[in-house]
Amino acid sequence: MNVLHVCANPKPTEESVSKQLASAFFGKLIELKPEVELVNVDLYDEKPPFYSYELYKRVWNPVFDESYEPSKVEEMAMNYAAKQAEAFNEADVLVLTMPMWNFSVPAIMKAWMDQILSPGLTFSISKEDGVKGLHKIKSVVLLVASGGVYKEDDDRDALTRQVRHSFDFIGIDDIEIVWAEGQSPLFFTNQEENKAMAIEAAAEIAEDIAEIDLTPAEVAAD
Ligand SMILES: Cc1cc2nc3c(=O)[nH]c(=O)nc-3n(C[C@H](O)[C@H](O)[C@H](O)COP(=O)(O)O)c2cc1C
């Protein structure tokens, strides 16, 4: 099983609740499946560039114009996205670790998503065939911490919606969310309890992920 872990949190693990969820998740997953091939991308070490006009042309022009030939600059503008997309397309499971910042994903995570969610890299798109994934990811695990508490379908939560819909768009509809809510000591007194519950949930989700059947659909149908 290949797992790609993308982390958007500049804090050390001992100060970061979301990173502690990741420790619990991977501790359990590796205990159950020591053969897991794990690729870690720390976005604060491998910073994604912001989306550029050159990248836009390099990835979207081929969708509309078969005769398009990229310039050298346009080709180079795709370097980060192409390298990240390669790791993405080799993964069976994607794990995203992040805090909630301003009700959404940290900007560095959004920048990474803008890079890799590009046609020709992780999905194909056409009028005839619609959108088709070029990856084999079966499940996304989202490990998140927030200061506040958000009920289901809370309008303020732009984070889980954004992650869910972005990956659903390219054919990944299984998303497991572990959310350590109420982490602000200014507004809550039970943050330790919430954290402990989320850490437990992270280990439980790892048990489910360890059980995923990776047989390709066409082989399973034989
Ligand atoms: C820049 C910034 C913005 C934040 N915005 C929100 C927010 O919109 N909603 C919320 O519930 N918590 C917000 N928080 C609180 C964090 O989500 C919370 O501290 C969480 O535990 C951070 O995760 P971490 O411990 O893994 O870093 C914000 C914190 C920072 C630093």
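The buried residues of helix H7 are Ala198, Ala202, Ile205, Ala206 and Ile209, a residue being buried if 20 or more other C-beta atoms, placed from the backbone, lie within 10 Å of its own, exposed if 12 or fewer, and partly exposed in between. Seen down the axis of H7, these residues fall within an arc of 105 degrees and so line one face of the helix; the arc is that of the directions from the helix axis to the C-beta atoms. The model is predicted: local features need pLDDT of at least 70, side-chain atom pairs count only at pLDDT 80 or more, and totals for chains, interfaces and linings use all residues. Residues are numbered from 1 along each chain as its sequence is written.

The face of H7 turned away from the buried side carries the exposed residues Glu192, Glu193, Ala196, Glu200, Glu207 and Asp208. Cover for the buried residues of H7 includes H1, strand E3 (93–99), strand E6 (139–145) and strand E7 (175–180). Helices (H or I, at least four residues) and strands (E, at least two) are DSSP runs, numbered from the N terminus. Contact requires C-beta atoms, placed from the backbone, within 7 Å.

Val59 is found in helix H2 (residues 53–64) and counts as buried because it has 23 C-beta neighbours inside 10 Å. Not counting residues up to four places away in sequence, Val59 touches Met78, Ser118, Pro119, Gly120 and Leu121.

The ligand is surrounded by 16 residues, the closest being Ser18, Pro99, Ala145, Gly147 and Gly148; the criterion is a C-beta atom, placed from the backbone, within 6 Å of the molecule. Helix H1 (residues 17–32) provides the largest share of this shell, three residues.

Key: Contact = placed C-beta atoms within 7 Å.
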